[in-house]
Amino acid sequence: MKRSKKTFNDQQVSSDRESGAVLKNTELKWGPSPMTLMGFIAVLLMVLTVVFLAAFFFGDLPSDCLWTLVEARTFHAKHSKVSEKDILQPLTVPKDRLLGGLLPTGFDETSCLSRYESHLYSKPLQHKPSSYLISGFRRYEALHKQCGPYTELYNRTVDLIKSGEYSSDSSVCNYVVWISYSGLGNRILTLATAFLYALLTNRVLLVDPRANLHNLFCEPFPEVSWLLPPDFPIIDQFSSFNKKSPHSYGYMVRNNVTGNSRTPSFLYLHLCHDFDVQDKLFFCDTDQTFLHKVPWLFVKSNNYYIPALFLIPSFEQELNNLFPEKGTVFHFLGRYLFHPTNSVWGLITRYYQAYLAQADEKIGIQIRVFSLGVSNFKYVLNQILACATKENLLPQVNLNEPIANSSGKTKTISVLMTSLSSRYFEEIRNMYWQNPTVTGEVVSVFQPSHEEHQQTEKLMHDRKALAEIYLLSLTDKLVTSGWSTFGYVAYSLGGLKPWILYKFQEGTVHNPPCFRATSLEPCYHSPPYYDCKKKTASNNTVSIAPHVRHCEDNSWGLKLFDRKGKM
């Protein structure tokens, strides 16, 4: 049976016109007869009963959805072949429109269609955000409105940088400015991390405007932009910030500048993979006490360092309140912050409707190869096929028969592949085109783009990449590449536990070829491994918190897990 999106707004009850004539005659004869009065009361009671039941079961639905409910029931009564699933699906959708309370109201919906339409394509949230997290988002939105760009308090705090002077009582609003760095997957992960840090430290998050972010994502906060204004005093220095910069916190520690009584008006935090020991002091409580006094913090990173925030004692209780389920941190932050712009949303929805919507099952395969070569291609291709077939994600092909003998309805599978190269897609597509499957399924294979090379911060390249990340998150089952931040974002946004391919290493054959992730969280590839009390390097970080452990795909990386290790 072919699936189609059903709406009931255009459905007409065939007897409407006929009942109109009866109604006119009834109106002419209307009178206060007992029988008529009793009939009117009975009808009124029936209507009130329906409304009460609808309000009970669909209490947070808007009024127009109750009309949809009535129309759906009428349609169902007259067309019994329509399944209950097809009828109820549109009715439950508005209930999750705000994603369990994650999203705020008050936006112009047409300016960002994805914000309130994503629930039509995504699976319902499998995990419920805590009421404390939802309240935290609402508090932050109020702070952002009060201190955001061009507000009076913002202008006053910007003057501190212009003058170079600062006193502890002169700043009402404090800020963390995210500086764009690295590829799209890394940028998404580090931006979410910077936002959580802002949430924990009562700061306002502002975003580097040079990153084309406004062409990829809608504004996440009502009324006031999250983009740092282009006339910001030191914006031209962002590109030169590194661990050797005089304004770097690590540099200042190395040179004993932080011991001075004067607090600087701003500091740069270098939290990239190449950070020094002094930069790692960011993750120590005593240093956080000092940083709390600085009104402007500029942070650059290419790592998802949220797991290390869980190891800072002063943040521990707040993080536990925000995220009782530790494996859902990025899932909720991502669903709250990242809403594709209308141009990107168009790429997503058109592709989904054309190639994925009608399939009985949607399988995503994300391929990221960090070292190129002919032998690598053959190995990775065989690894993908071995993983997909051994884990029963894709059916095996029948090399001995030209056509499959199937009885009954044929199952359709759409495979969405993403890669910089088209070679993997071509091989797998041809395999399922040239051979039937052993069990009779029809497998279609698609790849939206193949850019050949990563083109960081090129707008159309980034738009395609974001569309592909989002499309992968909409699949039913997902295979991703180890170490790939692109894959991390896709499975975590979708709330999917993926099968992760082991990273290719020359001369190594992985058996099994992949493993099932046990957490929705991304991996922090370059953790600090620093003992704040002893002020020395340490490898015992994992023993500090039971929910912070090594990543499955990176033996020295850190990742958040639920205490039981299951999602």
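## From a loop to the sheet

A: Ser182 lies in the loop between strand 1 (175–179) and helix 8 (184–201). Keep in mind that this is a predicted model. Phi of Ser182 is near 80 degrees, a positive value in a residue other than glycine. That's worth a glance, because most residues other than glycine have a negative phi. Tyr150 is another case, with a positive phi near 70 degrees, and you'll find Tyr150 in the loop joining helix 6 (131–147) and helix 7 (152–163).

Six strands make up an open sheet, ordered 7-6-5-8-9-10, with mixed pairing. At its edges sit strand 7 (442–446) and strand 10 (514–516), each pairing on one side only. From one strand to the next, the twist averages 20 degrees. Zoom in on strand 8 (residues 477–481) and strand 9 (residues 499–501): they run parallel and are joined by 3 bridges. Ser481 is the residue standing opposite Leu501 in strand 9. The peptide bond from Asn511 to Pro512 is cis, its omega near 10 degrees.

Next come the helices on the sheet. Helix 17 (residues 459–473) lies across strand 5 (361–366), strand 6 (412–418) and strand 8, at about 145 degrees to strand 6. Helix 18 (residues 485–494) also lies across strand 5, strand 6 and strand 8, and runs at about 160 degrees to strand 8.

Helix 17 has a helix partner, too. Its axis and that of helix 14 (residues 342–356) come within 9 Å and cross at roughly 50 degrees, which makes helix 14 oblique to helix 17. The crossing is right-handed. On the helix 14 side, the residues that meet helix 17 include Trp345, Ile348, Tyr351 and Leu356; on the helix 17 side, Met460, Arg463, Leu466 and Tyr470 are among them. Sorted by class, this contact has 12 nonpolar, 1 polar and 1 charged residues.

Finally, how far can you trust the picture? The chain averages a pLDDT of 83, and 78% of the residues score at least 70. Over residues 1–32, though, pLDDT stays under 50, and over residues 51–93 it is below 50 as well. Where pLDDT is low, the predicted coordinates should not be read in detail.

Notes. Residues numbered from 1 in each chain as written. Predicted model: local features only at pLDDT ≥ 70, side-chain atom pairs only at ≥ 80, totals over all residues. Heavy atoms only, no water. Pairing = 2+ DSSP bridges. Helix = DSSP H or I, 4+ residues; strand = E, 2+ residues; numbered from the N terminus. Axes fitted to C-alpha atoms, helices over the stretch in contact; angles between N-to-C directions. Contact = heavy atoms within 4.5 Å. Parallel < 35°, antiparallel > 145°, perpendicular 65-115°, else oblique. Left-handed = near helix turned anticlockwise from the far one by under 90°. Nonpolar A, V, L, I, M, F, W, Y, C, P; charged D, E, K, R; others polar. pLDDT = per-residue confidence, 0-100.
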